[in-house]
Amino acid sequence: MILDRIRAYLSGSVVLKVRGTDLEKLLNAAGRAGVVLKSVKRHGRYLLTARTSAVDCRRLRGLVSPTQYKIEVIGKHGFPLLIHRIRRRRMLLVGLVASIALIYYMSSFVWFVRIAGLSTLSEDSIRQYVASQGIRTGMRRSELDLEELERDLAIEFPRISWVSVRLRGTLLSIEIAEKLAPDENAPKAFDVVAGKSGLIVKFIPLAGRPLVREGDTVEAGQVLVEAVRGVDGVDEDFSGSGSAAKAGFVSARAVVEARVWYQESAQVSLKDQEIVRTGRQKTVRYLHLLAWRIPLGRLGGGFEQYECEERDEVVPLWPGSRIGLSMTVKTCHEVVAYPIVRTAEQARSEALRLARARALAAVPEAVEVVEEMAKVSESGEGEHARVQVEYIVETIEEIGVEQPTRAAP
Amino acid sequence: MSARRAGGWTRGLAETFDIPREVVMDLPKITVMGRLELLIENHRGIIEFHPTVVRLRTACGTLTVTGSSLVLGELSASRVSIRGAVDGIRYGSEGRDTA
């Protein structure tokens, strides 16, 4: 089927309009003469349209008397027609060939150099070095030795641990990964402090000087175990880190479990309204150009009630480009407000659900909840009546966190 | 009588040697694809063609195809495909060709 279509396209086809009496006779004569007609449609008693090849069209014209049948070509399709049109527009062909040749020629040069993956090294230093190696925009792609450039970059910049130089079309992409050097300013030793306020139920100090005991109530940020100045030959396991041991400080370590409370509240009115999106929305994009925000299109007729949200996006000028158009997409959703009337019991359970969900959302994952408490109160009357819920979730969790010690210099 | 005898002889030949009967006996072969398309091989000409009816001459008599929006998808000396919404296919004796 596809081959037939390709063949039909290559040989070209014409759409005929045939007018005359006894059109069946014409169809039979065409069939006998080997003329293949396609998509034959009858439009009334004296008119039909059909598609056939250009060759068969000529044969069909020769078969019938022009006085009996009037055959008119009303459409032409296919490759021969394209060639015919191109022949009539030679300059278009010349322009097309010239454009392709120009694009082909221009694509044999490097027009963009992109450097990615830098953290401490400056892009300018890489660019300067690359330029010093004779690599510049406008040079021929064939003159580039990518492997040599990779080697030279790795030798010139000792901080580079891995470098990849690739050509993607006219883009020379240099991707660099730098070595991870130890941070000289990193703290030497750590205290253990309370990450959250709570009541300590389990306290096992492993290293350092303990400042609290089991049963103590602690505030978030309070030091629980303090780093201490160690003695020579301190156990490496107890030191926390080799550098701390050399500096003479022992980092504090401890297991600290505490009861922690998470409290959230929710308030639900007996008479309320719910905002629901209808699904209709309108979007407009704004182009940021210097200090201007230019709308691309109009929001059109506004909705009676709506809520809008905006998000920023950068549209790259070409694939992989770091330069792009800064745009804001503003989407306005039509909304409808539905009135809601609740009984006191419904309002209570809704407030409980909301407050519990908020409180549990604050609890970290994999932490055991040991108790939940709720305090329900009502206020207001009539339309202004509302139910308030204070919800408390109690957990037992590890609260000790490391913090650079205040004792070390 | 001679035509019947010839038909019987060719039919017997076709059955004995398992040769397609439409080839030996020049019978029309009709392929139907749902109600969307009909392919008729070995027809002997078009008697009538309208968007609601197509009548073809075959060795078995007149073949009438009724429907709506009927179009001849492809028409050649011995093959014709009819597209559209086909309602019925019927054989009639009118115009029967016994040659």
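**Group meeting: a walk through the two-chain model**

Let's start with one pair of residues: Y286(A) stands opposite T328(A) in β19(A). Keep in mind that this is a predicted model.

Where does that pair sit? Strand β16, residues 271-289 of chain A, pairs with strand β19, residues 324-341 of chain A. The pairing is antiparallel and runs over 14 bridges.

Now widen the view. These strands belong to an open sheet of four strands in chain A, in the order β17-β16-β19-β18. Pairing in the sheet is antiparallel. Which strands stand at the edges? They are β17 (292-296) and β18 (306-316) of chain A. Each has a single partner strand, so one side of each is left without a neighbour in the sheet. From one strand to the next, the twist averages 35 degrees.

Next, a hairpin. In chain A, strand β6 (residues 160-168) and strand β7 (residues 171-178) pair in the antiparallel sense, with eight bridges. One facing pair is V163(A) and I176(A), the latter in β7(A). Two residues lie between β6(A) and β7(A). In the turn, G169(A) has a positive phi of about 65 degrees.

On to a helix. α5 of chain A covers residues 90-106, which is 17 residues. From first C-alpha to last, α5(A) reaches 24 Å, close to the 24 Å expected at 1.5 Å a residue. Is α5(A) well covered or hardly covered? Hardly: among its 17 residues, the count of buried ones is zero.

Now the interface. Here 13 residues of chain A are in contact with 14 residues of chain B. On the chain A side, the elements giving two or more residues are α2 (23-32) and β2 (37-42). The largest share, six residues, comes from β2(A). By type, the chain A side divides into four nonpolar, four polar and five charged residues.

What does β2(A) join in chain B? Three bridges link it to strand β5, residues 61-75 of chain B, and the two run antiparallel. Within this part, K38(A) stands opposite E74(B) in β5(B).

Last, confidence. The predictor gives the complex an ipTM of 0.79 and a pTM of 0.40. Chain B has a mean pLDDT of 82, and 80% of its residues reach 70 or more. Over residues 1-6 of chain B, the pLDDT is below 50, and that stretch has one contact beyond near neighbours in sequence. Residues 95-99 of chain B are also below 50, with nine contacts beyond near neighbours in sequence.

Technical notes
Residues are numbered from 1 along each chain as its sequence is written. Chains are lettered from A and ligands numbered from 1 in the order in which they are written. This is a predicted model: local features need pLDDT of at least 70, side-chain atom pairs count only at pLDDT 80 or more; totals for chains, interfaces and linings use all residues. Two residues are in contact if their C-beta atoms, placed from the backbone, lie within 7 Å. Ala, Val, Leu, Ile, Met, Phe, Trp, Tyr, Cys and Pro count as nonpolar, Asp, Glu, Lys and Arg as charged, and the others, Gly among them, as polar. Two strands pair if DSSP finds at least two bridges between them. pLDDT is the predictor's confidence in each residue, from 0 to 100. The expected span of a helix is 1.5 Å times one less than its number of residues. A residue is buried if 20 or more other C-beta atoms lie within 10 Å of its own, exposed if 12 or fewer, and partly exposed in between; C-beta atoms are placed from the backbone. Axes are lines fitted to C-alpha atoms, for helices over the stretch in contact, and angles run from 0 to 180 degrees between N-to-C directions.
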